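We will go stop by stop.

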Amino acid sequence: MMALMQSWRFWALLSAAFAALTAILAKVGVAGVPSDVATLVRTVVILGLTAAIVAVTGQAADLARIPGRSAVFLVLSGLATGASWLCYFRALSLGDAARVAPIDKLSVVLVAIFGVVLLGETLSPTNWLGVVLIAAGAVLVAIGA
């Protein structure tokens, strides 16, 4: 069990499961609520939950030890996350969750491209085939009848 808890694959699959649940719960929750208000409620809940985890696990002191460069990039990441959530909730309020979520997951394709271009990461031909298939699948689900 400890090996599983240290596996990035385990956490990534759990993230995907929670992301899927998020889409369904958000689609129901955004009905009759302005999408920006829905995003605010979600954000407050996430802030509270994460603050509680940091406090309970004794990591609060680490906040003071965040290097300046890391702080800048974490703030920028937070701004990007906020923009993403605002757009995602707006899309959910206007469209079907089964079509919105796959388009949102084109972020996987963009992360692969950005990782190569901006971070110098490398992908094998098999990895690139997977990226292309993810993109094609997202488009097919989004445009399908």
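The tour visits helix pairs, then salt bridges.

This is a predicted model: local features need pLDDT of at least 70, side-chain atom pairs count only at pLDDT 80 or more, and totals for chains, interfaces and linings use all residues. Residues are numbered from 1 along each chain as its sequence is written, and side-chain values use heavy atoms, leaving out hydrogens and water.

**Stop 1: H6 and H7.** Select residues 107-119 for helix H6 and 125-143 for helix H7. Helices here are DSSP runs (H or I, at least four residues), numbered from the N terminus. The two pack at about 145 degrees, axes 9 Å apart. Axes are lines fitted to C-alpha atoms over the stretch in contact, and angles run from 0 to 180 degrees between N-to-C directions. Now show Val108, Val109, Ala112, Ile113 and Val116 in H6; they meet Trp128, Val131, Ile134 and Ala135 in H7. Contact means heavy atoms within 4.5 Å.

**Stop 2: H2 and H4.** Select residues 8-29 (H2) and 68-94 (H4). Their axes come within 9 Å and cross at roughly 60 degrees. Show Ala23, Ala26 and Lys27 in H2, which meet Tyr88, Phe89, Leu92 and Ser93 in H4.

**Stop 3: salt bridges.** A salt bridge is a side-chain nitrogen of Lys or Arg within 4 Å of a carboxyl oxygen of Asp or Glu. The count is 3. Pick Arg90 and Asp36, paired at 3.1 Å, N to O. Arg90 lies in H4 and Asp36 in H3 (residues 35-56), so the pair ties together parts 54 residues apart in sequence. Next, pick Asp62 and Arg65, at 2.5 Å. Finish on Asp104 and Lys105, at 3.2 Å.
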